[in-house]
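The structure comes before the entries.

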Amino acid sequence: MLQGSWGFSFVSRMDVDQLILQRLPTTLVVIGSSQLLALAIALPVGIYAATKPYSIFDQIANTLAFIGFSLPTFFTGILLILLFSITLDWLPFVYRADIAETGWRFYWEHFKQMIMPVTVLGLFQAGSWTRYVRSAVLDVIRLDYVTTARSKGLAERVVIGKHVVRNALIPVVTLVALQMPAIFGGAIVTEQIFRVPGIGSLLISAMLANDTPVIMAVTFVFSILVVFCNLLADVIYGWLDPRISYR
Amino acid sequence: MAGSTHASPIDKPASSSGRKQGPGSEAWRRFRRHKLALVSAVILVLIALSVLLGPLIWTIPINDIDFSARLAGPSIKHPMGTDDLGQDLLARMLYGGRISLAVGLAAMVIAILVGVLVGAIAGMSRGWVDAFLMWLTDLFLSLPQLPLLLLIFYLFNDALKKWVGPETGVFILVVAVIGGLRWMPVARLVRAQFLSLREKEFVEAARALGASPTRQVLKHILPNAMGPVIVAATIDVAAAIIAESTLSFLGLGFPPDIPTWGRILFDAKDHLDIAPHWALFPGLMIFITVLTINYIGDGLRDAFDPRRVL
């Protein structure tokens with residue numbers, strides 16, 4: 001295992017490491033872009049909701065966030081397929097890695113087929129993260145040093161951006177890192193719904209086919225990814241709060 | 001510590017009001033203020049009742065195959081339509097709801113029992129026991145759950161099936177695995193509560209009166225630590241229901257003749273274009289159940305939060 005020899009897949013007659021290397025980039029792209037989408041929604045919404053607590057915007061955002069993380073990913077996936085692929089026929093519902101196009105069309109097709117899986121994963125994460133961001137910002141925004149910054153005459157934008165958010169993000173990073181395993185779980189489901197050829201669907205098909213070497217290798221890769229994300233979180237701590245440093 | 005003239009803040013609300021008021025009714029009073037949580041509780045009770053009593057009223061068997069009514073949409077005869085074998089979906093939904101809710105509750109009980117036990121032991125003992133248990137908790141927390149769930153399923157499914165039969169085997173496995181992977185937050189919560197509670201005056205008083213550690217824990221510390229645990233338990237039911245449906249949805253949970261909500265969804269997803277109702281009903285039920293449970297959890301959190309004054 002440690003020597004890099006991960007065995008030979010019983011079913012697809014290939015070396016396991018090749019099989020995984022084929023699939024891994026797709027998974028990473030889908031998970032990565034969905035996380036970016038989730039952050040792009042959760043950060044501004046959470047921060048804005050916390051600056052005006054109990055306003056109408058805050059209540060709407062809260063309700064939507066609740067719905068967002070109560071909707072299981074497989075159900076959102078099916079709803080989106082029903083709406084956009086079957087009723088409206090805008091987007092393809094099967095993810096293909098072998099698109100016979102070149103140039104811009106190639107990227108456009110890729111983009112189109114990624115929209116739905118990424119949205120499903122991203123919205124689910126955005127729901128819970130919005131709540132985290134909101135409560136973290138609410139904890140910080142009442143502190144004395146924020147009042148000091150305001151009374152110095154700093155613009156509200158600077159106060160929020162530089163003083164509040166930077167400190168509020170530390171607990172958020174912890175929670176996001178702790179949630180990484182759940183995200184990979186969600187990715188497995190999403191890959192299964194949209195037939196994304198990533199390592200999640202590889203795991204499922206290997207499991208249904210009793211393909212032990214592949215199962216072992218894929219779980220191993222998932223563990224490595226989780227550990228790596230925790231490491232990343234530690235590095236981000238140091239950047240957010242210079243007092244936390246590892247020397 | 002606080003001066004000897006003051007009571008600890010925990011028993012203040014009860015003594016300040018004229019009437020004698022238990023902590024339970026106090027929490028209930030606060031819970032009622034959370035309108036959405038109250039509505040959710042009513043809806044959830046309705047779902048639970050219809051799932052429990054429904055099969056007595058709606059007596060079409062779940063495996064009654066009728067090819068003349070294949071993939072039929074909702075009608076008077078089949079209010080939720082039929083699937084690709086002409087089986088009545090309402091009957092299957094009611095049956096599946098029983099299993100989904102039962103799995104959720106049972107997994108929650110396991111998660112809470114293990115969590116409280118680990119948290120209580122870690123909170124009461126100092127030194128290496130505490131350190132070891134927290135290390136174990138962190139270890140479990142960093143495991144990717146779904147892949148592990150799938151792995152355990154793959155490894156032990158056949159053995160258990162041979163041992164106790166397919167239905168109970170899968171039920172035990174699903175409950176044990178989901179419950180066994182969700183106790184960590186509870187353990188941390190309980191430990192944190194214990195660490196602060198065991199230094200409070202009323203526990204010190206109990207200790208001074210000669211209460212044994214077991215009595216201190218059971219009579220004095222644990223009841224005061226239960227609030228957050230109940231909230232976590234509610235959320236855990238929702239998470240367990242989702243986990244079970246996810247497993248079934250991946251085709252790895254219960255066998256096809258036991259229609260849980262996730263399983264129905266899994267069977268339906270290949271016929272989305274011609275029979276959307278088949279997927280919509282189970283998905284909607286999972287969603288509503290999980291949403292109501294989450295709202296109830298939110299309401300309970302408000303009700304049990306001692307910092308909050310309402």
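This is a predicted model: local features need pLDDT of at least 70, side-chain atom pairs count only at pLDDT 80 or more; totals for chains, interfaces and linings use all residues.

**Entry 1**

Local features were kept only at pLDDT of at least 70. Totals for chains and interfaces use all residues.

**Entry 1: chain A overall**

I looked up the secondary structure of chain A and found eight helices and zero strands. Along the sequence the pattern reads α-α-α-α-α-α-α-α. Of the 247 residues in chain A, 40% are buried. I then looked at contacts in chain A with a separation of 6 or more. Residues 24 or more positions apart account for 71% of those.

Is A:Gly200 buried or exposed? I counted 29 other C-beta atoms within 10 Å, and the cut-off for buried is 20 or more, so A:Gly200 is buried. A:Gly200 sits in helix H7(A), residues 199-208. I set aside its neighbours within four places in sequence and listed the contacts of A:Gly200. They are A:Thr27, A:Ala187, A:Ile188, A:Glu191 and A:Gln192. I also checked A:Leu24, which lies 176 residues from A:Gly200 along the chain. The C-alpha atoms of A:Gly200 and A:Leu24 are separated by 9.1 Å.

A:Thr119 was my other pick. A:Thr119 belongs to helix H4(A), residues 103-141. A:Thr76 is 43 residues away from A:Thr119 in sequence, and the C-alpha to C-alpha distance is 9.3 Å.

**Entry 2: H7(A) against H8(A)**

How do H7(A) and H8(A) cross? Helix H8(A) covers residues 212-240, and its axis and that of H7(A) come within 9 Å and cross at roughly 150°. Angles over 145 degrees count as roughly antiparallel, so H7(A) is roughly antiparallel to H8(A). The crossing is left-handed.

I listed the residues on each side. H7(A) gives A:Ile199, A:Leu202, A:Leu203, A:Ala206 and A:Met207. H8(A) answers with A:Val214, A:Ile215, A:Val218 and A:Val221. By class this contact has nine nonpolar, no polar and no charged residues.

**Entry 3: the largest nonpolar core**

I asked for the largest nonpolar core and got 142 residues. The residues with the most contacts inside this core are A:Val137, A:Leu203, A:Val218, B:Val174, B:Val186 and B:Ala240. Two of those names were already in my notes: A:Leu203 and A:Val218 are in the contact of H7(A) with H8(A).

I followed up B:Ala240. Not counting residues up to four places away in sequence, B:Ala240 touches B:Val103, B:Gly104, B:Ala107, B:Met108, B:Ile178 and B:Arg182.

**Entry 4: H11(B) against H12(B)**

Next I took helix H11(B), residues 261-268. The axes of H11(B) and H12(B) come within 8 Å and cross at roughly 150°. That makes H11(B) roughly antiparallel to H12(B). H11(B) passes H12(B) in a left-handed crossing.

On the H11(B) side I found B:Trp261, B:Ile264, B:Leu265 and B:Ala268. On the H12(B) side I found B:Trp278, B:Ala279, B:Pro282, B:Gly283, B:Met285 and B:Ile286. This contact divides into nine nonpolar, one polar and no charged residues.

**Entry 5: H3(B) against H12(B)**

Helix H3(B) spans residues 35-57, and its axis and that of H12(B) come within 8 Å. The axes cross at roughly 135°. H3(B) and H12(B) are therefore oblique to each other. The crossing is left-handed.

H3(B) contributes B:Leu36, B:Ala37, B:Ser40, B:Ala41, B:Ile43, B:Leu44 and B:Ile47. They meet B:Ile288, B:Thr289, B:Thr292, B:Ile293, B:Tyr295, B:Ile296, B:Asp298 and B:Gly299 in H12(B). I noted ten nonpolar, four polar and one charged residue here.

**Entry 6: the interface**

Last, how many residues of chain B are in contact with chain A? I found 30 in chain B, against 29 in chain A. On the chain B side, the elements giving two or more residues are H6(B) (145-164), H10(B) (213-249) and H12(B) (276-304). H12(B) supplies the largest share, nine residues. By class, the chain B side has 21 nonpolar, seven polar and two charged residues.

Definitions and conventions
Residues are numbered from 1 along each chain as its sequence is written. Chains are lettered from A and ligands numbered from 1 in the order in which they are written. Two residues are in contact if their C-beta atoms, placed from the backbone, lie within 7 Å. Helices (H or I, at least four residues) and strands (E, at least two) are DSSP runs, numbered from the N terminus. Ala, Val, Leu, Ile, Met, Phe, Trp, Tyr, Cys and Pro count as nonpolar, Asp, Glu, Lys and Arg as charged, and the others, Gly among them, as polar. Axes are lines fitted to C-alpha atoms, for helices over the stretch in contact, and angles run from 0 to 180 degrees between N-to-C directions. Angles under 35 degrees count as roughly parallel, over 145 as roughly antiparallel, 65 to 115 as roughly perpendicular and the rest as oblique. A crossing is left-handed if the near helix is turned anticlockwise from the far one by less than a right angle, and right-handed if clockwise. A nonpolar core is a set of buried Ala, Val, Leu, Ile, Met, Phe, Trp, Tyr and Cys residues joined through C-beta atoms within 7 Å. A residue is buried if 20 or more other C-beta atoms lie within 10 Å of its own, exposed if 12 or fewer, and partly exposed in between; C-beta atoms are placed from the backbone.
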